[in-house]
Amino acid sequence: AGDVTLGVAGGSGSFDEAIFVQYASAPYYPVRFALRYELPWIASWQRVHLFEQAALSAEMQVSITPWLSAWAHGQRQWRQSAQNTFVPETSVQAGITFYYALRR
């Protein structure tokens with residue numbers, strides 16, 4: 001049915017990491033998708049805002065042939081502004097990937 005992953009992703013600085021939970025469908029189906037919720041590591045857990053600080057993302061991939069697939073990715077995240085408020089940002093990407101292996 002798929003995989004659920006819990007973990008810590010991040011960088012090397014102080015409070016530069018994030019905790020996440022992710023679901024990804026099984027890799028052997030022609031249509032695959034993934035959902036991810038990520039919450040930045042913060043200095044005090046008393047000030048946690050589950051959606052103002054989080055990043056939500058979704059991905060989908062459709063295998064058209066063994067060598068051609070179409071994909072889409074959407075993400076909604078909140079960034080802290082200079083006025084110390086959280087401003088939402090949305091990004092959407094889509095494309096087609098062509099695979100071809102050359103023989104040696």
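Is Tyr-99 buried, partly exposed or exposed? In this predicted model, Tyr-99 counts as partly exposed because its relative accessibility is 45%, a value that falls between the 20% and 50% limits. The residue is located in the segment after β6, the strand of residues 86-98.

Beyond its sequence neighbours up to four places away, Tyr-99 touches Pro-66, Trp-67, Leu-68 and Ser-69. Pro-66 and Tyr-99 are separated by 33 residues in sequence, while their C-alpha atoms lie 8.2 Å apart.

**A nonpolar surface patch**

Tyr-99 also belongs to a nonpolar patch on the surface, together with Trp-67, Phe-98, Tyr-100 and Leu-102. The accessible area of these residues together is about 680 Å². Tyr-100, likewise placed in the segment after β6, counts as exposed at 65% relative accessibility.

**Aromatic pairs**

The model contains 2 aromatic pairs. Tyr-23 and Phe-33 form a tilted pair, with 5.8 Å from centre to centre and 50° between the planes. Tyr-23 lies in strand β2 and Phe-33 in strand β3, so this pair ties together parts that are 10 residues apart in sequence. Tyr-23 is partly exposed at 26% relative accessibility, and Phe-33 is partly exposed at 38%.

Trp-67 and Phe-98 form an edge-to-face pair, because their planes meet at 75° with the ring centres 5.5 Å apart. This pair links distant parts of the chain, 31 residues apart: Trp-67 is in the loop between β4 and β5, and Phe-98 is in strand β6. Trp-67 is partly exposed at 44%, whereas Phe-98 counts as exposed at 53%.

**A charge over a ring**

Arg-36 lies over the face of Phe-20, 3.9 Å from the ring centre.

How values were computed. Residues are numbered from 1 along each chain as its sequence is written. This is a predicted model: local features need pLDDT of at least 70, side-chain atom pairs count only at pLDDT 80 or more; totals for chains, interfaces and linings use all residues. Side-chain values use heavy atoms; hydrogens and water are left out. Helices (H or I, at least four residues) and strands (E, at least two) are DSSP runs, numbered from the N terminus. Buried means under 20% relative accessible area, exposed over 50%, partly exposed in between (1.4 Å probe, protein chains only). Contact means heavy atoms within 4.5 Å. Patches are made of residues with over 30% relative accessible area and no salt bridge: like charges are joined within 9 Å, nonpolar side chains (Val, Leu, Ile, Met, Phe, Trp, Tyr) within 5 Å. Accessible areas come from the Shrake-Rupley method with a 1.4 Å probe; for residues, only the protein chains shown count as cover. A salt bridge is a side-chain nitrogen of Lys or Arg within 4 Å of a carboxyl oxygen of Asp or Glu. Rings of Phe, Tyr and Trp (its six-membered ring) pair if their centres lie within 6.5 Å; planes under 30 degrees apart count as stacked, over 60 as edge-to-face and the rest as tilted. A charge sits over a ring if NZ of Lys or CZ of Arg is within 6 Å of the ring centre and within 35 degrees of the ring normal.
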